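This note looks at the pockets of the structure shown below and at what lines them. Please read the points in order.

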Amino acid sequence: DKSYVNPNETNPEHALDILSASPGGVYVTVGTERGFIGASLAKGISHLLMIDSNPAIVLYNKINTALLQLAEDRAEYVHLRLEAGPDEWETLAAKRRIPSESKQLLSDIHSYDKWRGFQKGNKLNEPGPEDFIGSNYLKDDLLFQKIKAIADRQHVRAVEADLERAEDVSTVASALKKSGIKLGVLDLSNTYDDPYLDQSAFAKVV
């Protein structure tokens, strides 16, 4: 498996100098929490596009987006993320005005079970003293409000695509161009390394 569902890079604050100077537009990235954290930190970012070839990562991103839409505030989001049972997800989803795709996800016991599995060992939930300093939207109201606002506007997309496939890259690039939304940040993590993309393939993607 070439992908990490749970975040394995615990110091995104090291990118703050870059993110604080980023232009507006869409934050394009791979993985899971890397996108939610990066978009919450990046100045002017209004959209988030998360691309990955691993269906589990795409599912994680879709469920997390749905939970951000469902929660009324950070405290409720943390409860829904870490403690709430499937019946509470389904009941709240039925009552509140969230997109139909989110309602379906939050009413599906398979999604709930997968989410609970994803959260085991997730360092964002219980960070160490040197982890996610100033970058954890679970613990910061302003960061939470930023990423929730993007989710509420339905400006988060999780897409299954393989950056090793020229056809997939072309499809994503064409969709971005058609949307008219400017590229604010391109954050492809360490995909330039094996076993992800080699450097020549990475250069073609960029």
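1. Helices here are DSSP runs of H or I with at least four residues, and strands are runs of E with at least two, both numbered from the N terminus. The model is predicted, so to speak, throughout: local features need pLDDT of at least 70, side-chain atom pairs count only at pLDDT 80 or more, and totals for chains, interfaces and linings use all residues. Residues are numbered from 1 along each chain as its sequence is written, and side-chain values use heavy atoms, with hydrogens and water left out.

2. Two or more lining residues of the largest pocket come from each of α1 (16-19), β1 (25-30), α2 (33-41), β2 (45-52) and β4 (183-187), and α2 gives the most, with four.

3. The second largest pocket has a volume of about 330 Å³. Of its 18 lining residues, Leu49, Arg157, Val159, Ala175 and Leu176 are the closest to its centre. β2, β3 (156-160) and α9 (166-179) each give two or more residues to this lining, with α9 giving the most, six residues.

Key: 1 Å grid on protein atoms, 1.4 Å probe; cavity = no way out; pocket = protein on both sides within 12 Å on 5 of 7 lines; lining within 4 Å. Points joined across faces, edges and corners; volume = space filled by probe spheres on them.
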